[in-house]
Amino acid sequence: MFRRLLAVAAVPLLLIGLSSCQSDPTVAAYVGSDEITVDQIDGYFDQAAQDPLSSELVAQNRAEVKPRLVSMLVFIELLREAAKDAGVPVTAGEVAQVKAQIEPQRQMVTGDLALLPLDQMAEFQAHRLKLSQWASQGAASQGAAEKKYSDAVQAAEGDNPVTVNPRYGKFDLEKVPQLGSSDSAVKPASPDAL
């Protein structure tokens with residue numbers, strides 16, 4: 001009887017202990033065991049505020065910028081995991097190639113992507129493009145490719161639970177750029193770029 005009572009009392013303590021593992025105030029978000037730090041977000045925010053491409057967006061939506069940055073960085077982590085799980089991981093060389101293609105057209109980037117530094121923008125685009133190409137292979141239609149892509153990202157989120165520091169809001173996979181989103185349309189020079 002005493003052991004059962006002890007076991008019942010231990011469960012809430014165990015749950016509290018597990019949930020507190022992911023409540024470090026220096027972390028803006030966790031994606032599985034990966035961390036996006038508050039320092040990263042603050043640094044990207046400062047860069048965006050000083051960058052002519054994104055400074056107006058920061059001035060108009062100052063309170064929303066850091067949560068948007070967190071969402072974009074979480075999404076990049078999920079794309080990375082989805083591409084890896086699909087067997088199409090992106091190499092550093094591919095990211096560098098996309099960066100070289102984006103740089104001359106960077107002034108045309110709009111939306112939340114404009115908030116990201118060039119390196120993260122290139123990483124986002126390289127993973128998005130490679131996962132999109134993978135999803136399109138053998139797909140009977142654009143809709144089927146979009147579903148395959150979305151399913152892969154959702155599976156990555158399931159395998160890598162997202163926990164966001166409450167001061168940055170919540171991550172919503174439905175509100176991030178998807179396969180053909182114009183908000184993420186920084187097109188490489190050629191379709192065979194990756």
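## Fold and packing in a predicted model

Read along the sequence, this protein follows the pattern α-β-β-α-α-α-α-α-α-β, and the model that shows this is a predicted one. The pattern comprises seven helices and three strands. Of the 194 residues of the protein, 42% count as buried. Among contacts with a sequence separation of 6 or more, 70% are accounted for by residues 24 or more positions apart.

The three strands form an open sheet with the order 2-1-3 and antiparallel pairing. Strand 2 and strand 3 are the edge strands, each of which pairs on one side only, and neighbouring strands of the sheet are turned against each other by 15 degrees on average, with direction ignored. In general, the strands of a sheet pair through backbone hydrogen bonds, in either a parallel or an antiparallel sense.

Strand 1, which spans residues 27-31, is mostly covered, and five of its five residues are buried. With strand 2 (residues 34-37), strand 1 pairs in the antiparallel sense over four bridges, whereas with strand 3 (residues 162-164) the antiparallel pairing of strand 1 runs over three bridges. Strand 1 and strand 2 also form a hairpin with two residues between them, and in the turn Gly 32 has a positive phi of about 65 degrees.

| Residue | Partner | Strand of the partner |
|---|---|---|
| Val 27 | Thr 37 | strand 2 |
| Ala 29 | Val 164 | strand 3 |

### Helix 2 against helix 4

Helix 2 (residues 38-50) also meets helix 4 (residues 62-85): the axes of the two helices come within 10 Å and cross at roughly 120 degrees. Angles of 65 to 115 degrees count as roughly perpendicular and those over 145 as roughly antiparallel, and helix 2 and helix 4 are therefore oblique to each other. The crossing of helix 2 and helix 4 is right-handed. On the side of helix 2 the contact is made by Ile 41, Asp 42, Tyr 44 and Phe 45, and on the side of helix 4 by Arg 62, Val 65, Lys 66, Leu 69, Val 70 and Leu 73. By class, this contact of helix 2 with helix 4 has seven nonpolar residues, no polar residues and three charged residues.

Which residues does Gln 120 contact, leaving aside its neighbours within four places in sequence? They are Tyr 44, Leu 73 and Ile 76. Tyr 44 and Leu 73 also belong to the contact between helix 2 and helix 4, while Gln 120 itself lies in helix 6. Gln 120 counts as buried because its relative accessibility is 16%, under the cut-off of 20%.

Leu 129 lies in helix 6 as well, a helix that spans residues 118-136. With a relative accessibility of 15%, Leu 129 likewise counts as buried. Its C-alpha atom is separated by 9.7 Å from that of Val 98, a residue 31 positions away along the chain.

Conventions
Residues are numbered from 1 along each chain as its sequence is written. This is a predicted model: local features need pLDDT of at least 70, side-chain atom pairs count only at pLDDT 80 or more; totals for chains, interfaces and linings use all residues. Side-chain values use heavy atoms; hydrogens and water are left out. Axes are lines fitted to C-alpha atoms, for helices over the stretch in contact, and angles run from 0 to 180 degrees between N-to-C directions. Angles under 35 degrees count as roughly parallel, over 145 as roughly antiparallel, 65 to 115 as roughly perpendicular and the rest as oblique. A crossing is left-handed if the near helix is turned anticlockwise from the far one by less than a right angle, and right-handed if clockwise. Contact means heavy atoms within 4.5 Å. Ala, Val, Leu, Ile, Met, Phe, Trp, Tyr, Cys and Pro count as nonpolar, Asp, Glu, Lys and Arg as charged, and the others, Gly among them, as polar. Buried means under 20% relative accessible area, exposed over 50%, partly exposed in between (1.4 Å probe, protein chains only). Two strands pair if DSSP finds at least two bridges between them.
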